[in-house]
Amino acid sequence: MASFYRILVLNIGSTTTKVAFFENDRLKFQETIDYVSQQLRSITDYMEQFPLRKQGIEGFLAKHQIELSKLHMIVSRGGLANCPKLVDRITKRVKFIAHVKLYPGENEMLALAQGSLRVLSGTESVKHYSPPG
């Protein structure tokens with residue numbers, strides 16, 4: 001087991017993407033990437049938002065000199081995380097970088113990092129959630 005884990009946490013919302021980088025449960029960097037509502041309003045398919053959101057996340061990684069190859073896990077939540085088609089397509093594009101997991105939670109960024117640590121350390125297994133109904 002690694003002495004510490006590097007976790008990239010994403011919260012993809014309707015008009016923002018929150019990005020945080022943790023080493024274990026210690027927050028190192030966090031930013032909210034705001035999109036001009038007009039940028040997203042013209043994009044009706046969530047997958048068409050992918051390049052715009054990817055660019056923002058890549059900018060965050062570059063700004064903080066975070067190497068994708070050194071990440072142990074990428075974890076996400078947010079309204080768009082409930083779209084199975086979107087999650088499947090994004091996972092296929094980034095799973096070669098690190099494990100990709102989805103978790104709900106309050107104080108989302110810390111909760112996601114802590115949940116990732118439990119999975120990475122083997123004290124908890126990945127949980128799968130289905131929307132009610």
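What follows is a conversation about a predicted model of a protein chain.

Biologist: What does the secondary structure of the protein chain come to?

Modeller: Four helices and five strands. Along the sequence the pattern reads β-β-β-α-α-β-α-β-α.

Biologist: How many residues does the protein chain have, and what share counts as buried?

Modeller: The chain has 133 residues, and 38% of them count as buried. The chain exposes about 8,100 Å². Carbon and sulfur atoms supply 51% of that area.

Biologist: Let us turn to single residues. Where is H64 found?

Modeller: H64 sits in the loop between α2 (50–63) and β4 (73–77).

Biologist: Why does H64 count as buried?

Modeller: Its relative accessibility is 18%. Buried means under 20%. The value falls under that cut-off, so H64 counts as buried.

Biologist: What does a search of the whole structure find in the way of aromatic pairs?

Modeller: The search finds one aromatic pair. The partners are F21 and F29.

Biologist: How do you know that the rings of F21 and F29 form a pair?

Modeller: Their centres are 6.3 Å apart. Rings pair if their centres lie within 6.5 Å. The distance meets that limit, so F21 and F29 are a pair.

Biologist: What makes the pair of F21 and F29 stacked?

Modeller: Here the angle decides. The planes of F21 and F29 stand at 25 degrees. Planes under 30 degrees apart count as stacked. The pair is therefore stacked.

Biologist: Where does S76 lie, and why is S76 called buried?

Modeller: S76 lies in strand β4. Its relative accessibility is 10%. The cut-off for buried is under 20%, so S76 counts as buried.

Biologist: What lies 3.4 Å from a polar atom of the side chain of S76?

Modeller: The backbone oxygen of L10.

Biologist: What share of the contacts between residues at least 6 apart in sequence joins residues at least 24 apart?

Modeller: In the protein chain, 62% of those contacts do.

Terms used:
Residues are numbered from 1 along each chain as its sequence is written. This is a predicted model: local features need pLDDT of at least 70, side-chain atom pairs count only at pLDDT 80 or more; totals for chains, interfaces and linings use all residues. Side-chain values use heavy atoms; hydrogens and water are left out. Helices (H or I, at least four residues) and strands (E, at least two) are DSSP runs, numbered from the N terminus. Buried means under 20% relative accessible area, exposed over 50%, partly exposed in between (1.4 Å probe, protein chains only). Contact means heavy atoms within 4.5 Å. Accessible areas come from the Shrake-Rupley method with a 1.4 Å probe; for residues, only the protein chains shown count as cover. Rings of Phe, Tyr and Trp (its six-membered ring) pair if their centres lie within 6.5 Å; planes under 30 degrees apart count as stacked, over 60 as edge-to-face and the rest as tilted. A polar contact is a pair of N or O atoms within 3.5 Å; within protein, one must be able to donate a hydrogen and the other to accept it, and residues adjacent in sequence count only if both atoms are side-chain atoms.
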